[in-house]
Amino acid sequence: MSEFISAEEIEQAAGIIQQEISQKPRVGMILGSGLGSLAEEVENAVIIPYGDIPTWPVSTVEGHQGRLVIGSLENQEVLVMQGRAHYYEGYSMTQVGFPVRVMQQLGLEILIVTNAAGAVNPDFKPGDVMLITDHLNFLGMAGESPLRGPNLDQFGPRFPDIGIAYDRELGEFSRQSAEDGGFPLHEGIYVCLAGPSFETPADLRFLQLIGVDAVGMSTVPEVTVARHGGMRTLGLSTISNKANLDGKTTTSHEEVLAAGKIVLPRLIHIIKGVLRRL
Ligand code: HPA
């Protein structure tokens, strides 16, 4: 693979997937750390390991199974990514965004992105879910955009407007879904940092000062590609830990995975409710 992806690489990967399925998926989903078991609810599933798809970035992190699950959920045809690749694994932003390009090539209209995140907002606690209303694209500001390089005009313009990164109707469906599940749904701003180290207390105080509610290491690259290609996006953060603002606690990946198990029923409830309302 060269530094940037080509239309041929996208077409080739989409062709391999298309050969395996008879469905025409409409909704793509990316399941974050410890959240992959939602894919087990998919009916009539066709499973494709990432390693079988050329150019597809394979996740190296525990808690990311690394396969596509394609089938139906709540009467919607879905294509679910059980695990994702991250920038900190050594993938370029272009590679991190590649699966979303393939989804666009396959004609998917909607992307639901989930992640595990640390709570910067003091009102949030582990086990909560946050609807992402907007994001701060730190990596993009620093020059690391998945859209860097030759523009793929067939997907979108050179200078895309992402003023509405997260679809308002899908956000409203999420609120309704949490309400009928009888649990709270927070709303706020997500920031994607490069990681893999968790933040210092000074980092976190800075993030709090500029209005961040939750911090993680993913989502923004995929949403940027999704919006460039005109997909509607929904972003949901599961809060796995309180950010270490006072320097007195520690954060670990094990904690993040354990919190994923607890919050999963809520996340599944929201996503199923959204799918039913589409
Ligand atoms: N910081 C960054 N990424 C994360 C965190 C965190 O506290 N928790 C889960 N992903």
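Reader: What makes the approach of the backbone oxygen of Thr114 to a polar atom of the side chain of Arg84 a polar contact?

Author: The two atoms lie 3.1 Å apart. A polar contact is a pair of N or O atoms within 3.5 Å; within protein, one must be able to donate a hydrogen and the other to accept it, and residues adjacent in sequence count only if both atoms are side-chain atoms. The 3.1 Å between Thr114 and Arg84 is within that limit, and therefore the pair qualifies. Arg84 has a further polar contact, of 3.5 Å, with the side chain of Thr219.

This is a predicted model, in which local features need pLDDT of at least 70 and side-chain atom pairs count only at pLDDT 80 or more, while totals for chains, interfaces and linings use all residues. Residues are numbered from 1 along each chain as its sequence is written, and side-chain values use heavy atoms, with hydrogens and water left out.

Reader: Why is Arg84 called buried?

Author: Its relative accessible area is 2%. Buried means under 20%, exposed over 50%, and partly exposed in between, with a 1.4 Å probe and protein chains only; Arg84 is therefore buried. Arg84 belongs to the loop between β4 and α2 (93-105).

Reader: How do you know that Thr114 is buried?

Author: The relative accessible area of Thr114 is 0%, so this residue is buried. Thr114 is part of strand β5, where strands (E, at least two residues) and helices (H or I, at least four) are DSSP runs numbered from the N terminus. A polar atom of the Thr114 side chain also lies 2.8 Å from the backbone oxygen of Ile30.

Reader: What makes Ala116 and Asn241 residues around the ligand?

Author: A residue is near a molecule if one of its heavy atoms lies within 4 Å of it. A backbone N or O atom of Ala116 is 3.3 Å from a nitrogen atom of the ligand, and an N or O atom in the side chain of Asn241 is 2.7 Å from a ligand nitrogen. Both residues are among those around the ligand. The ligand alone exposes 260 Å², of which the protein buries 95%.

Reader: Which strand gives the most to the shell around the ligand?

Author: β5 does, with three residues. β5 (110-119), β8 (214-216) and β9 (232-242) each contribute at least two.

Reader: What is the phi of Thr55, and what is that of Asn75?

Author: Most residues other than glycine have a negative phi, and most peptide bonds are trans. Thr55, in the loop between β2 (43-49) and β3 (67-73), has a positive phi of about 75 degrees. Asn75, in the loop between β3 and β4 (76-82), has a positive phi near 65 degrees.

Reader: What kind of peptide bond joins Gly195 and Pro196?

Author: That bond is cis, with omega about -5 degrees. Pro196 lies in the loop between β7 (186-192) and α5 (201-209).

How values were computed. Accessible areas come from the Shrake-Rupley method with a 1.4 Å probe; for residues, only the protein chains shown count as cover.
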